[in-house]
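Subject: the structure for you to look at

Hi,

Here is the structure I said I would pass on.

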Amino acid sequence: MSLNVPKNSSMRLKAVYQRIVDNFLAVVTAAISSYSLVALVRLGPAELISWLRELQLQPAHLFLAGFVPAAAATVYLMLRPRAVYLIDYACFHSSSNRPLARIPMASFVEHTKHTPTIDARSVRFMSRLLQRSGLGEETCLPAAHNYVPTHEYCTLENARDEFELVVFSAIDDLLAKTGVAPDTIGTLVLNCSLFCPTPSLVDIIVNKYNLRSDIRSINLSGMGCSAGLIAAGLARTLLQVLPRGACALVVSTETITPNYYVGNERAMLLPNCLFRVGGVAALLSTSPMNARFRLKHVVRTFTGANDDGAYRCVFQEEDDQGNVGINLSKNLMVVAGSSLQANITEIGPLVLPASEQLLFVLSFIARKVLGARIKPYIPDFSTAFEHMCIHAGGRAVIDQLQKKLRLSDQQVEASRMTLHRFGNTSSSSLWYELAYVEAKGRMRKGDRVWMIGFGSGFKCNSVVWECIQPAARDTDGPWTTSIHRYPVDIPDVLK
């Protein structure tokens with residue numbers, strides 16, 4: 001996704017402005033350096049020696065002039081955070097040797113009709129919602145959805161089976177791709193919001209792969225769809241205190257089986273329609289050897305501290321009949337927009353070029369002086385990123401972010417296609433989007449990727465990656481068997 005060549009005068013003018021402002025510091029530095037060099041040349045050797053003698057510099061002065069900067073540089077290099085790299089990642093995908101229920105919408109609706117506690121009105125609502133959801137006919141649901149009535153098969157045993165199928169498959173693929181031995185992994189961070197059995201999910205992984213007895217393992221739960229980025233940030237922090245070159249395994253998934261809602265509250269029926277099976281395993285390290293991406297920034301924004309509406313907009317609770325489910329508030333899009341605004345305010349100075357930051361500051365000052373008559377300036381994030389991975393939480397989520405950030409259809413293509421092919425896979429959806437960009441052959445060395453995730457609480461988190469080595473076009477992945485059919489025309493799908 002590269003910037004288009006300016007086609008009209010306003011775009012040409014903006015391009016000229018960007019070149020001038022973005023290169024202003026470099027131009028000024030070059031001018032000062034050139035002037036200083038010319039001035040020294042004009043002095044001549046004799047005048048230069050005379051000038052140095054007039055300064056009456058002692059040997060101690062010369063020593064300090066060299067030692068202090070060198071010592072400061074050494075301390076900085078020793079204390080600065082280590083760079084963290086993404087060695088590789090692997091997304092779960094169904095195949096002939098990984099049986100999983102690919103449930104067409106008609107089958108899903110028909111199975112729902114056999115749930116005695118869900119009435120006909122709710123079934124019609126879910127049917128209409130699915131038609132407008134942007135999901136395709138190949139999304140995967142747990143094996144329990146192969147049976148009728150579905151809720152009777154949403155057992156603890158089947159939930160564990162789903163988790164093991166998804167996570168073990170992703171980890172197996174990752175270890176095969178990287179060639180890393182399990183006993184070299186020093187940290188394990190897993191996030192799964194709604195399924196938290198005993199022993200913990202990280203214990204299941206440690207037992208399966210016979211990981212080290214001193215491994216630092218952390219199980220994140222209840223943190224919503226943005227927890228995958230939180231897990232990556234946490235792994236980065238843990239890697240700072242491990243020996244150089246240590247590896248951290250990050251696993252992101254959501255187990256659907258135990259979270260099938262059997263009531264009639266519309267706000268709680270939405271997750272039944274949108275969430276699908278998915279997961280990812282990613283390997284991070286402080287060693288750049290064989291790395292494919294470099295982790296540049298992690299920015300976390302939490303808006304629920306002083307806002308009860310934001311805190312409760314994604315809330316697990318019981319309905320009037322005692323059925324447990326996730327209540328998605330009508331204000332979710334408004335809360336998401338406010339959270340996004342807070343997040344981009346923090347990440348903007350880290351990634352945007354000077355030209356965009358200047359326009360943003362001028363807009364902010366103008367709004368303070370002139371009031372609401374001046375619209376807030378929305379930075380052009382295409383100047384900072386070549387690719388954007390927006391959480392595929394639903395069609396409304398993608399529409400809202402596209403509108404808020406003024407993104408083109410191509411910039412949100414990966415999100416829409418991921419939603420269509422895989423559904424809302426919660427925190428792992430961002431990795432399916434990254435895999436889509438790579439499967440299309442659009443990733444280039446040096447490209448910057450912006451991942452944006454939203455989660456309960458309410459949280460908006462961002463992670464920025466820089467590509468070091470793109471994946472080969474023939475690499476096996478979640479899009480291998482379907483990438484040739486994408487992108488699809490969503491309006492035709494909805495029709």
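Val 314 has Leu 328 of strand β10 standing opposite. That pair belongs to two antiparallel strands, β9 (residues 314-318) and β10 (residues 324-328), joined by five bridges. (Two strands pair if DSSP finds at least two bridges between them.) Together β9 and β10 make a hairpin with five residues between them, and Gly 322 in the turn has a positive phi of about 85°. Four of the five residues of β10 are buried, so the strand is mostly covered. Here "buried" means under 20% relative accessible area, "exposed" is over 50%, and "partly exposed" is in between, with a 1.4 Å probe and protein chains only.

Before you go further: this is a predicted model, in which local features need pLDDT of at least 70 and side-chain atom pairs count only at pLDDT 80 or more, while totals for chains, interfaces and linings use all residues. Residues are numbered from 1 along each chain as its sequence is written, and side-chain values use heavy atoms, with hydrogens and water left out.

Now the whole protein. It has 16 helices and 13 strands. Helices (H or I, at least four residues) and strands (E, at least two) are DSSP runs, numbered from the N terminus. Of the 495 residues, 48% are buried. Among contacts with a separation of 6 or more, 80% are between residues 24 or more positions apart; a contact means heavy atoms within 4.5 Å.

Next, the sheet. Nine strands form an open sheet with mixed pairing, in the order β5-β4-β6-β7-β1-β8-β13-β12-β11. At the edges are β5 (216-220) and β11 (387-390), each pairing on one side only. From one strand to the next, the twist averages 25°. (Angles run from 0 to 180 degrees between N-to-C directions, and axes are lines fitted to C-alpha atoms, for helices over the stretch in contact.) Strand β4 (residues 185-191) pairs with β5 in the parallel sense over five bridges, and Leu 190 has Asn 219 in β5 as its bridge partner.

Two helices to find on the sheet: α6 (residues 156-178) touches β1 (84-91), β4, β6 (247-253) and β7 (279-285), and its direction makes about 125° with that of β1. Helix α15 (residues 429-439) touches β1, β7, β8 (293-302), β11, β12 (448-455) and β13 (459-467), at about 90° to the direction of β1.

What do the buried residues of α7 pack against? They pack against α6, β4, β5 and β6. In helix α7 (residues 201-209), those buried residues are Leu 201, Val 202, Ile 204, Ile 205, Val 206 and Tyr 209.

Ten of the 13 residues of α8 are buried, including Leu 229, Ile 230, Leu 238 and Leu 239.

Have a look at Thr 257 too, in the loop between β6 and α9 (266-274). Is Thr 257 buried or exposed? Its relative accessibility is 2%, so Thr 257 counts as buried. Thr 257 and Thr 155 are 102 residues apart along the chain, yet their C-alpha atoms are separated by 7.3 Å. Not counting residues up to four places away in sequence, Thr 257 touches Thr 155 and others, among them Pro 142, Tyr 153 and Glu 162.

Last, a helix pair. Helix α13 (residues 395-405) and helix α14 (residues 413-422) pack at an angle of about 175°, with axes 10 Å apart. They are therefore roughly antiparallel (over 145 degrees; under 35 is roughly parallel, 65 to 115 roughly perpendicular and the rest oblique). Arg 395, Ile 398, Asp 399 and Gln 402 of α13 make the contact with Ser 415, Arg 416 and Leu 419 of α14. Arg 416 is buried, with a relative accessible area of 17%. Leaving aside neighbours within four places in sequence, Arg 416 is in contact with Arg 395, Ile 398, Asp 399 and Gln 402.

Cheers
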